[in-house]
Amino acid sequence: MSFAIQHDRAAHRFETQVDGVDCELDYTLAAGVLTITHTGVPGEVGGRGIASALVQAAMDAARAEGWKVVPACSYASAWITRHPEYQDLCR
(Lines give C-alpha, C1' and ligand atoms only; values in the text may rest on other atoms or scores of the structure.)
Protein backbone atom coordinates (compact mmCIF):
# COMPACT_ATOMS: atom_id res chain seq x y z
CA MET A 1 0.00 0.00 0.00
CA SER A 2 1.25 3.48 -0.87
CA PHE A 3 0.80 6.54 1.35
CA ALA A 4 1.11 10.25 0.53
CA ILE A 5 3.93 11.08 2.93
CA GLN A 6 4.93 14.71 3.33
CA HIS A 7 8.23 15.91 4.77
CA ASP A 8 7.72 18.99 6.93
CA ARG A 9 11.32 20.12 7.30
CA ALA A 10 10.47 23.05 9.57
CA ALA A 11 8.65 20.78 12.04
CA HIS A 12 11.20 17.93 11.65
CA ARG A 13 8.44 15.51 10.80
CA PHE A 14 7.31 13.06 8.15
CA GLU A 15 3.54 12.80 8.10
CA THR A 16 0.59 11.27 6.35
CA GLN A 17 -3.13 11.05 6.90
CA VAL A 18 -4.96 7.74 6.51
CA ASP A 19 -8.76 7.63 6.73
CA GLY A 20 -8.67 11.08 8.33
CA VAL A 21 -6.17 10.00 11.03
CA ASP A 22 -2.81 11.76 11.40
CA CYS A 23 0.32 9.57 11.49
CA GLU A 24 3.83 10.89 11.99
CA LEU A 25 7.51 10.29 12.43
CA ASP A 26 9.38 12.95 14.41
CA TYR A 27 13.12 13.53 14.27
CA THR A 28 15.88 15.89 15.26
CA LEU A 29 18.65 16.94 12.91
CA ALA A 30 22.07 18.11 14.07
CA ALA A 31 25.47 18.01 12.39
CA GLY A 32 24.23 15.79 9.57
CA VAL A 33 22.65 13.23 11.89
CA LEU A 34 18.92 12.54 11.70
CA THR A 35 17.73 11.05 15.00
CA ILE A 36 14.32 9.37 14.76
CA THR A 37 12.65 10.12 18.10
CA HIS A 38 9.06 8.98 17.60
CA THR A 39 6.87 7.07 15.18
CA GLY A 40 3.15 7.41 15.82
CA VAL A 41 0.36 5.50 14.14
CA PRO A 42 -2.94 5.43 16.06
CA GLY A 43 -4.48 2.01 16.59
CA GLU A 44 -7.51 2.67 14.41
CA VAL A 45 -5.28 2.72 11.31
CA GLY A 46 -2.52 0.42 12.58
CA GLY A 47 -1.43 -2.77 10.90
CA ARG A 48 -1.35 -1.31 7.39
CA GLY A 49 2.37 -0.66 7.06
CA ILE A 50 2.09 3.07 7.73
CA ALA A 51 4.90 3.21 10.30
CA SER A 52 7.12 1.22 7.95
CA ALA A 53 6.41 3.67 5.11
CA LEU A 54 7.21 6.63 7.38
CA VAL A 55 10.55 5.15 8.46
CA GLN A 56 11.45 4.29 4.87
CA ALA A 57 10.65 7.86 3.79
CA ALA A 58 12.95 9.19 6.53
CA MET A 59 15.71 6.76 5.58
CA ASP A 60 15.39 7.63 1.89
CA ALA A 61 15.57 11.34 2.72
CA ALA A 62 18.65 10.74 4.88
CA ARG A 63 20.34 8.85 2.05
CA ALA A 64 19.50 11.61 -0.46
CA GLU A 65 20.86 14.31 1.88
CA GLY A 66 23.97 12.37 2.93
CA TRP A 67 22.87 12.23 6.57
CA LYS A 68 23.56 9.49 9.09
CA VAL A 69 20.66 8.08 11.14
CA VAL A 70 20.21 7.24 14.82
CA PRO A 71 17.05 5.15 15.32
CA ALA A 72 16.27 6.29 18.89
CA CYS A 73 12.62 5.19 18.59
CA SER A 74 12.10 1.47 19.22
CA TYR A 75 10.01 0.97 16.07
CA ALA A 76 12.64 2.60 13.84
CA SER A 77 15.37 0.50 15.45
CA ALA A 78 13.45 -2.72 14.80
CA TRP A 79 12.67 -1.59 11.24
CA ILE A 80 16.34 -1.04 10.44
CA THR A 81 17.17 -4.50 11.77
CA ARG A 82 14.65 -5.94 9.28
CA HIS A 83 16.00 -3.83 6.38
CA PRO A 84 19.76 -4.40 6.13
CA GLU A 85 19.92 -2.34 2.95
CA TYR A 86 19.62 0.78 5.16
CA GLN A 87 22.07 -0.22 7.90
CA ASP A 88 24.90 1.64 6.20
CA LEU A 89 23.14 4.87 7.21
CA CYS A 90 23.14 4.05 10.90
CA ARG A 91 25.58 5.66 13.20
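This is a predicted model: local features need pLDDT of at least 70, side-chain atom pairs count only at pLDDT 80 or more; totals for chains, interfaces and linings use all residues.
At roughly what angle do the axes of helix 1 and helix 2 cross?

**Entry 1. The helix pair**

Residues are numbered from 1 along each chain as its sequence is written, and side-chain values use heavy atoms, with hydrogens and water left out.

I found that the axes of helix 1 (residues 50-65) and helix 2 (residues 74-82) cross at roughly 75 degrees and come within 10 Å. Axes here are lines fitted to C-alpha atoms, for helices over the stretch in contact, with angles from 0 to 180 degrees between N-to-C directions. Helices (H or I, at least four residues) and strands (E, at least two) are DSSP runs, numbered from the N terminus. I therefore record helix 1 and helix 2 as roughly perpendicular to each other. On the scale used, angles under 35 degrees count as roughly parallel, over 145 as roughly antiparallel, 65 to 115 as roughly perpendicular, and the rest as oblique.

I then looked up the residues that meet. Helix 1 contributes A51, S52, V55, Q56 and M59, and helix 2 contributes Y75, A76, W79 and I80. Contact means heavy atoms within 4.5 Å.

**Entry 2. The chain as a whole**

I noted two helices and five strands in the chain, in the order β-β-β-β-α-β-α from the N terminus on. The radius of gyration is 12 Å, close to the 12 Å that the globule rule gives for 91 residues, so the chain is as compact as a globular protein of that length. The radius is taken over C-alpha atoms, and the rule is 2.2 Å times the number of residues to the power 0.38. Along the principal axes, the C-alpha atoms fill a box of roughly 35 × 30 × 20 Å.

I recorded 40% of the 91 residues as buried. Buried means under 20% relative accessible area, exposed over 50%, and partly exposed in between (1.4 Å probe, protein chains only). Among contacts in the chain with a separation of 6 or more, 39% join residues 24 or more positions apart.

**Entry 3. Positive phi**

Which loop residues did I look up for phi? H12 has a positive phi near 55 degrees and is not a glycine. H12 lies in the loop between strand 1 (6-8) and strand 2 (13-18), and H12 counts as partly exposed at 30% relative accessibility. D19, also not a glycine, has a positive phi of about 50 degrees. I placed D19 in the loop between strand 2 and strand 3 (21-30), where D19 is exposed, with a relative accessible area of 61%. For reference, most residues other than glycine have a negative phi.

I next took T16, in strand 2, which counts as buried at 7% relative accessibility. Leaving aside neighbours within four places in sequence, T16 is in contact with F3, A4, I5, V21, D22, C23, I50 and L54. The C-alpha atoms of T16 and G49, 33 residues apart along the chain, are separated by 12 Å.

G49 sits in the loop between strand 4 (33-40) and helix 1 and is partly exposed, at 36% relative accessible area.

Lastly, I looked up A57 in helix 1. A57 touches I5 and F14, not counting residues up to four places away in sequence.
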